[in-house]
Amino acid sequence: MITSTRRVSADKPEVQIAFSLDETSELKDAEDPLPSFPDLEQRLQPVLPCRSLKESIEVYKNHCKMANEFNQVKHEIARLEDRKRELMAELLEDEKVSMEFAQVEEEYRILTEENRNLITVHSQRAQQLETLRVISHKRQGSS
């Protein structure tokens with residue numbers, strides 16, 4: 001830490017100026033704790049500001065704000081990708097059920113048609129049997 005004390009004029013009090021070349025000591029007086037961005041790539045981490053430059057502090061604050069927004073967007077994207085995977089799995093399951101349903105419908109249609117045919121054949125055979133009984137009765141009655 002480098003300190004310099006000067007009196008600008010005899011009627012004014014002394015002015016003391018202190019600064020340090022060590023970045024961490026510059027930030028010890030900060031009101032807010034330093035934000036942490038553990039999920040952020042190293043190259044995207046905010047660079048500590050030079051406390052003596054107002055512009056540097058503003059850039060740092062903006063960078064932190066953007067890093068927070070980036071982090072939120074990144075988490076939202078991850079959440080949406082998870083939801084997308086869930087929905088895709090549901091869609092695949094629905095498509096599978098739909099295909100099974102279509103197969104059951106087709107099987108039902110085929111069995112219904114087969115049943116109609118069997119009922120028709122049964123009815124025809126019952127008629128033929130009745131006709132043969134009548135003929136057989138007539139033969140027995142006429143002999």
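These are my notebook entries on a predicted model of one chain.

**Ground rules.** Local features need pLDDT of at least 70, side-chain atom pairs count only at pLDDT 80 or more, and totals for chains, interfaces and linings use all residues. Numbering runs from 1 along each chain as its sequence is written, and side-chain values use heavy atoms, with hydrogens and water left out.

**Confidence.** I checked pLDDT (the predictor's confidence in each residue, from 0 to 100) before anything else. The chain averages 84, and 76% of the residues score at least 70. Helix H1, residues 23-27, has the lowest mean of the elements at 46, while helix H2, residues 54-142, has the highest at 95. Over residues 24-30 the pLDDT stays under 50, and the model has 10 contacts there beyond four places in sequence; contact means heavy atoms within 4.5 Å.

**Layout.** I get two helices and two strands, in the order β-β-α-α. These are DSSP runs numbered from the N terminus: helices are H or I with at least four residues, strands E with at least two.

**Burial.** Buried is under 20% relative accessible area, exposed over 50%, partly exposed in between (1.4 Å probe, protein chains only). Of the 143 residues, 9% count as buried. In H2 the buried ones are Ser56, Ile57, Tyr60, Cys64, Ala67 and Asn71.

**Core.** Which residues make up the largest nonpolar core? I find five: Phe37, Leu40, Tyr60, Cys64 and Ala67. The set takes buried Ala, Val, Leu, Ile, Met, Phe, Trp, Tyr and Cys residues joined through side-chain atoms within 4.5 Å. Leaving out neighbours within four places in sequence, Phe37 contacts Gln45, Pro46, Cys64, Ala67 and Asn68.

**Cysteines.** Cys64 lies in H2 and is buried at 8% relative accessibility. With residues up to four places away not counted, Cys64 touches Pro35, Phe37 and Pro46. Its C-alpha is 9.2 Å from that of Val47, 17 residues apart in sequence. Cys50 is partly exposed, at 29%. I searched the whole structure for disulfides (a pair of cysteine sulfur atoms within 2.5 Å) and found zero.
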